[in-house]
Amino acid sequence: MSFIEMKNICKKYAGAEKNSVTDFNLSIEEGEFIAFVGPSGCGKSTTLRMIAGFEEITSGDFYIDGKRMNTVLPRDRGISMVFQNYALYPHMTVEKNISYGLKNMKVPADEIKKKVDWAIEILGLSEYRYRKPKNLSGGQRQRVALGRAIVKNQKLFLMDEPLSNLDAKLRVSMRSEISKLHRQLGSTTIYVTHDQVEAMTMADRIVIMKDGVIQQVGKPMDLYEHPANKFVAGFIGSPQMNFYAVKVTGTTMIFSDGNKMHLPESVVSKLNGRQGAFILGIRGEDIKLDPQNLDLYKDNIMSATVDSVEVMGNENNLYFNFGGTGSVARVSKYEISKPGDTIDFTFVPSRMHFFDTQTEESLF
């Protein structure tokens, strides 16, 4: 049995018409960093709260290290938790905020000092040791909240959107700090976020949820390269994958605006004889404008007018209308276009994704 086992977990609140979480099944190995990702209301925080014991499990079984935890009190589950709201005591210094939980656990004073000294050192809080929360920045307060969690030396850490209150630059640095801390401690971590970039850069595996149901579980690049359905394909990656309504007849693919593309045998074989209407998906970086790719795929060169450009520094995002819908191409910073320009482009055939129009499941 894995370190954490969740079997057929369901959560239904009293008076609700449907479950908030449905048939949640997941195994987590000791030491893994797992991210729960999805839009607001998808059930990720509810699932985390069931793991913590703050929410009752309606049905199913939850195990930690082989022990069934459904009715075990939160304080007896061996869990440390970091919340979106840091919940620091305003009248206490950094040192006292970090040590408070240990005092409640009746840990000897000399051991408390060792643990607090260790946490303050690895979190870079030495110069702020005697400051109170009001005199700390958001990132410093976040590190104090992490310190309070790690000194308890629990095997399982739960983090519920801990970086959502920070500015963009601080979020990037804190992502790095949390990842480094995870490697140092070797503890199992479950991290809830709505930010797919956080999940992609930090997690060993990602659990993508929608409407209380797991859509796909996998390593970050597996989800990016091989999404199980249209929802996962659109949720993972920025900018979002481009989607088109197409019809395939033989080796010809027709877009809703009448544009046509010849499908190579490598793509036709993957469709395995299927014809008719599909949803085509392709990521912005797989729409090519450079001469080399235009020459390589010269049978499928298309044109469009640029509507707007996002200059990102290391790359440019070109927005245009094609195939009956808005599209975006991610191109090199050296490929310069401006609104109103006509661009020639081609799709990389091997990077196309096809989804069923009814189920929206990936076809290969």
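A charge sits over a ring when NZ of Lys or CZ of Arg is within 6 Å of the ring centre and within 35 degrees of the ring normal. The close-ups below start from that idea. The model is a predicted one, where local features need pLDDT of at least 70 and side-chain atom pairs count only at pLDDT 80 or more, while totals for chains, interfaces and linings use all residues. Residues are numbered from 1 along each chain as its sequence is written, and side-chain values use heavy atoms, with hydrogens and water left out.

**View 1. Two lysines sit over aromatic rings.** Here's lysine 230, with its charged end over the ring of phenylalanine 243, 5.0 Å from the ring centre. Lysine 11 does likewise with tyrosine 13: its charged end is 4.8 Å from the centre of that ring.

**View 2. Phenylalanine 243 also pairs with phenylalanine 355.** Rings of Phe, Tyr and Trp (its six-membered ring) pair if their centres lie within 6.5 Å; planes under 30 degrees apart are stacked, over 60 edge-to-face, and the rest tilted. The structure holds 17 such aromatic pairs. In this one, the rings are edge-to-face, 6.0 Å centre to centre with 65° between the planes. Phenylalanine 243 belongs to strand β11 and phenylalanine 355 to strand β20 (residues 353-355), so the contact ties together parts 112 residues apart in sequence. Helices (H or I, at least four residues) and strands (E, at least two) are DSSP runs, numbered from the N terminus. Both phenylalanine 243 and phenylalanine 355 are buried (buried is under 20% relative accessible area, exposed over 50%, partly exposed in between, with a 1.4 Å probe and protein chains only).

**View 3. Phenylalanine 354 and phenylalanine 364 make a tilted pair.** Phenylalanine 354 is buried, at 1% relative accessible area, whereas phenylalanine 364 is partly exposed, at 36%.

**View 4. Six aromatic residues form one cluster.** Look for Tyr244, Phe255, Phe320, Phe322, Phe345 and Phe347.

**View 5. The backbone has a cis peptide bond and residues with positive phi.** Serine 238 and proline 239 are joined by the cis bond, with omega about 0°. Proline 239 is found in the loop between α8 (230-235) and β11 (242-249). Aspartate 23, in strand β2 (residues 21-28), has phi near 50°, a positive value in a residue other than glycine. Aspartate 23 is partly exposed, at 42% relative accessibility. Lysine 106 has phi near 65° and lies in the loop between α2 (94-104) and α3 (109-122). At 72% relative accessibility, lysine 106 counts as exposed.

**View 6. One cavity of 30 Å³ or more turns up.** On a 1 Å grid over the protein atoms alone, a cavity is a set of points where a 1.4 Å probe fits but cannot get out, and lining residues have an atom within 4 Å of a point. Grid points are joined across faces, edges and corners, and a volume is the space filled by probe spheres set on the points. The largest cavity holds about 60 Å³. Its lining includes Leu146, Phe157, Met159 and His182. Two or more lining residues come from each of α4 (138-150), β7 (156-160) and α5 (168-185), and α5 gives the most, with four.

Note on methods
1 Å grid on protein atoms, 1.4 Å probe; cavity = no way out; pocket = protein on both sides within 12 Å on 5 of 7 lines; lining within 4 Å.
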